[in-house]
Amino acid sequence: MTDLNSALLVIGGGPGGYVCAIRAGQLGIDTILVEADALGGTCLNVGCIPSKALIHVAEKFHDLHAAANGSAIGLSVSGVDLDFAKSAAWRDGIVGRLNRGVASLLKKSGVRVVKGRARFLDGKTVTVEGDGEPFRIHADNVVIATGSAPVELPSLPFGGPVLSSTGALALRHVPETLAVVGGGYIGLELGTAFAKLGSRVTIVEAADRVLPQYDTALVKPVVDRLKALGVKIVTSTTARLGQDPGAADERAELVLTSQDGGTERLEASRVLVTVGRRPRVDAIGIAELGLDRAGPFIAIDEHCRTSMRGVYAIGDVTGEPMLAHRAMAQGVLVAEILAGRKRHWDNRAIPAICFTDPEIVSVGLSPEQAKEAGLSVKVSTFPLAANGRAMTREREDGFVRLLSVAESGEIVGIQAVGHEVSELSAAFSLALEMGSTAEDIAATIHAHPTQGEAFQEAALAALGAGLHF
Ligand code: FAD
Ligand code: NAD
């Protein structure tokens, strides 16, 4: 066993851990990063990046296919074919390039990377076991950034045709029929992609509507589009495997049970289970450390400190929102605190985007949350159907919505649903982070013709001065 010492030990090389290590290295902190698998974590290897690459392929394929049947813009295409194995290789290529990029950024910052699985001996010491020789690492400070893993349902265990998101992203063929159990972020993003690639998709959701984390007005255009793509949505229903897990091979038979107790059978060539993610805390010795928990997650304060001195936690292992950009921001925060800077978590805005079709963006408070907070807000909406850029892209579905405090005009929430509105999230977050008022946005010249003008128009509407609607 080789002994190593460092000022900082980061466990987990996902967006939280690798960003924390890079920033610490830049600030002159002697840092070791331990990663059991591939650098970049869930997001880069089996999450954000490969899923968005799949969505891109699906969108292109679907658009060309639609054009093959003639289109309003005068385009017609014949002989559209998809070599799915080739597009998977293209996705793998992007992941590989980014993996190598992360490795070289860590090297440039002077971070030592140790490959293997870390386990705590005490709050300052871990052992690392992997393919090579084992290590014992002692550090003054430790950051836990071990991320999350898919939740497995006992009644629908992973294996055979029953896939987690990782299994679905590893598919080398498009399944004929796909049952998606859990209509949240992952289920809808991947379900939409496979529907566009030609799978017959059924979404089974336990709540009374899909994407229950967003309000119905935001979700309606997404549901309309899913229906237009031929996706069947079954709500207030749970699913279990209707056969012995060992017997499930090329097809799965599901038993769907609705809230009123009625049952129905559903056959599918693949089942994608996306019912949430759980923190990776089991195999690392965290239970023995006795850290305080917030439910299943590690409890942290506004400095990302856990209940043990010198032990920090960031990213998915600390709970919702489980988003890569939150993990990265926490990683920078901890590195700067350890470098002696006065920092605490004071961000007003963490944008959330659902990469469905159309996309949903939400920053700050929703109308319901504003009401719960006792705020008197003006809710102003601008439809994309009145936006020239949306019309020229043949996608008029959706809107931009702005919530501003009635008295001061201060913006407390912005949401949008529409084709490629994800790119508006930067403007929305900046507006919230800078404490902008509706007047600030209304007085900002927005380039024409862009979807961003819908943001300005929503602000103008809040002032009773809307121009184009
Ligand atoms: P992870 O990325 O989970 O990284 C943790 C790392 O720790 C892993 O590499 C793991 O191997 C390592 N590790 C665990 N235990 C040990 C140990 N004992 N020793 C050593 N190493 C260990 N978020 C977005 O913001 N946008 C998106 O578009 C988006 N799309 C997604 C799509 C899918 C299909 C999925 C599954 C997730 C998506 N997410 C998205 C969520 C995003 O991936 C996570 O929020 C993000 O990866 C969390 O980063 P993290 O650093 O906390 O953990
Ligand atoms: P989720 O929480 O978004 O959705 C899970 C869904 O499953 C919910 O709608 C829930 O009601 C439903 N559900 C729970 N138990 C069920 C059951 N037994 N039967 C049927 N439905 C059931 O979780 P997810 O889609 O697995 O995603 C996990 C996390 O990953 C998200 O919280 C998100 O933070 C992150 N993520 C983000 C993005 C993004 O930023 N674009 C994309 C993918 C994932």
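Trainee: How many nonpolar, polar and charged residues does the shell around ligand 1 have?

Mentor: This is a predicted model. By class, 16 residues of the shell around ligand 1 are nonpolar, 15 are polar and seven are charged. The shell holds 38 residues, of which E35, T42, K52, D316 and A324 come nearest to ligand 1.

Trainee: How much of ligand 1 does the protein bury?

Mentor: Ligand 1 taken alone exposes 990 Å², and the protein buries 94% of that. Elements giving two or more residues to the shell around ligand 1 are α1 (15-26), β2 (31-35), α2 (41-46), α3 (48-68), β4 (117-122) and α9 (324-338).

Trainee: Which element gives the most to that shell?

Mentor: That is α2, with four residues.

Trainee: Let us turn to salt bridges. What is the general idea, and how many does the structure hold?

Mentor: Side chains of opposite charge can pair when their charged atoms come close. The structure holds 23 salt bridges. One of them joins the side chains of D215 and R401, at 2.6 Å from N to O. This pair links distant parts of the chain, 186 residues apart: D215 is in the loop between β10 (200-204) and α7 (216-228), while R401 is in strand β23 (residues 398-405).

Trainee: Are D215 and R401 buried or exposed?

Mentor: Both D215 and R401 are buried.

Trainee: Which residue forms a salt bridge with R225, and where does the partner lie?

Mentor: The partner is D357, and the closest N and O atoms are 2.8 Å apart.

Trainee: Why does D357 count as buried?

Mentor: Buried means under 20% relative accessible area. D357 has 5% relative accessibility, so D357 counts as buried.

Trainee: What can be said of D397 and R395?

Mentor: Their side chains meet in a salt bridge of 3.0 Å, N to O. R395 is buried, at a relative accessible area of 12%, whereas D397 is partly exposed, at 24%.

Trainee: Which residues are linked with these in a network of salt bridges?

Mentor: The network of salt bridges links E59, K196, R225, D357, R395 and D397.

Trainee: How should I read aromatic pairs, and how many are there?

Mentor: A pair of aromatic rings is described by the distance of the centres and the angle of the planes. The count here is three aromatic pairs. In one of them, the ring centres of F382 and F469 are 6.1 Å apart.

Trainee: Why is the pair of F382 and F469 edge-to-face?

Mentor: The planes of the two rings stand at 80°, so the pair is edge-to-face. F382 lies in strand β22 (residues 377-383) and F469 in the segment after α14 (452-462), so the pair ties together parts 87 residues apart in sequence.

Key: Residues numbered from 1 in each chain as written. Chains lettered and ligands numbered in written order. Predicted model: local features only at pLDDT ≥ 70, side-chain atom pairs only at ≥ 80, totals over all residues. Heavy atoms only, no water. Salt bridge = Lys/Arg side-chain N within 4 Å of Asp/Glu carboxyl O. Buried < 20%, exposed > 50% of the residue type's maximum accessible area, 1.4 Å probe, protein only. Phe/Tyr/Trp six-rings, centres within 6.5 Å; stacked < 30°, edge-to-face > 60°. Near = heavy atom within 4 Å. Areas by Shrake-Rupley, 256 points an atom, 1.4 Å probe, with all protein chains shown as cover. Nonpolar A, V, L, I, M, F, W, Y, C, P; charged D, E, K, R; others polar.
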